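Open your viewer and keep the selection tool handy.

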Amino acid sequence: MAAETQNVVVLHSRPGVDKPPSESNFALERRKIPECKEGEILVKTLYLSVDPYMRCRMNEDSGSNYLTPWSIGEAPIGGGVGQVIHSRSEKFHEGDIVQSGGWPWQEFSVFPVSGDPTLQKEESPFLCAKSSLLLGIVGLTGLTSYIGLKEKAHIETGANQVVVISGAAGACGMAAGQIAKLEGCGVVVGICGTDEKCCFLTEEMGFDVAINYKTTENISEHLKMKCPAGIDVYFDNVGGEISDEVIRCMNKDSHIVLCGQISVYNKDVPYPPPLPQDIQDILQTRKITRDRFLVLNYMEKLPDGKKQLESWVREGKLKNRETIVEGLENTGKAFVEMMRGGNIGKQIVKVAEIVL
């Protein structure tokens with residue numbers, strides 16, 4: 001390789017547990033490209049994923065037993081896809097497309113073949129050519145929606161169930177709405193924050209109804225009007241007051257898929273955050289399930305789930321939308337904008353072009 005140094009985005013400072021992140025929390029540095037040793041691969045970064053869960057990793061204590069905090073002065077890590085440019089392992093070859101959940105925000109990375117359980121070589125030619133999908137609709141994001149609905153929503157074919165999704169124009173939300181339809185649900189309602197996103201949901205993603213929570217004065221009354229039979233499944237990406245309004249309209253023996261709580265990610269509260277007493281009383285009286293969901297607890301279901309998602313995408317049954325920011329140097333900006341709701345669909349950072 002001609003170049004010996006590379007661009008690296010590092011965590012420059014922490015925003016504090018109760019403050020939103022800013023671009024100033026990140027810095028761009030030049031650092032040496034790591035040496036590829038025996039049993040390792042050197043990979044060029046193609047795409048990086050920025051996701052709401054990363055906010056807790058900016059704190060000294062992530063508040064989670066499965067997420068380690070990012071270190072000051074070091075590159076943040078998350079989901080990434082890249083192309084092998086040098087291999088010292090028989091399992092990988094130059095040109096292979098690989099993904100990992102422990103991908104640093106830098107142009108080149110070295111991965112130990114046996115030291116990263118999330119490191120995978122992509123075998124599907126379709127996904128190799130469209131590798132950003134591995135971070136979104138066919139990756140852990142899409143799998144979170146698919147398996148969350150399969151395991152926690154109790155969908156019954158032909159039951160015509162009503163599903164409400166908050167954060168519906170985000171990566172998990174847009175996938176969850178479409179999957180709910182594919183699994184046989186009746187009415188699918190999406191809650192989001194702009195009229196543009198509402199149109200996206202109903203005109204492109206096949207949602208029956210979309211509600212702009214910023215301009216709707218009484219969400220509960222609006223839901224009762226649009227869903228007179230009540231709500232059977234709530235796919236919760238947001239939490240907070242929006243979720244309280246949805247829960248007030250839920251039926252007896254209904255189910256909440258607790259996927260995320262982005263409304264409180266900038267607040268120092270436990271996860272999942274406690275509910276107001278009146279909402280907790282509704283859960284208990286109506287016997288509504290609200291179990292925390294983590295897709296990593298269903299590792300054995302990921303391969304089959306991925307095959308199903310890819311099949312739906314190839315058949316045109318599962319549509320995708322990405323908000324792509326170009327350039328590694330803009331990764332921090334992309335993360336901050338995503339946390340402000342600036343994205344539609346999956347937020348992706350494109351770092352480099354694939355070499356076919």
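Where is the place of Gln-6? Select Gln-6 and you land in strand β1, residues 5-11 (strands are DSSP E runs of at least two residues and helices are H or I runs of at least four, numbered from the N terminus). A note before moving on: this is a predicted model, in which local features need pLDDT of at least 70, side-chain atom pairs count only at pLDDT 80 or more, and totals for chains, interfaces and linings use all residues. Residues are numbered from 1 along each chain as its sequence is written, and side-chain values use heavy atoms, leaving out hydrogens and water.

Gln-6 counts as buried because its relative accessibility is 1% (buried means under 20% relative accessible area, exposed over 50%, partly exposed in between, with a 1.4 Å probe and protein chains only). Now show Glu-107: its backbone nitrogen lies 3.0 Å from a polar atom of the Gln-6 side chain.

Next, select Asp-116, in the loop between β6 (108-112) and β7 (120-121). Asp-116 is buried too, at 14% relative accessible area.

Last stop: select Ile-219, Ser-220 and Leu-223 in α5, which meet Ile-242, Glu-245 and Val-246 in α6 (contact means heavy atoms within 4.5 Å).

Key
Polar contact = N/O pair within 3.5 Å; in protein donor to acceptor, adjacent residues only side chain to side chain.
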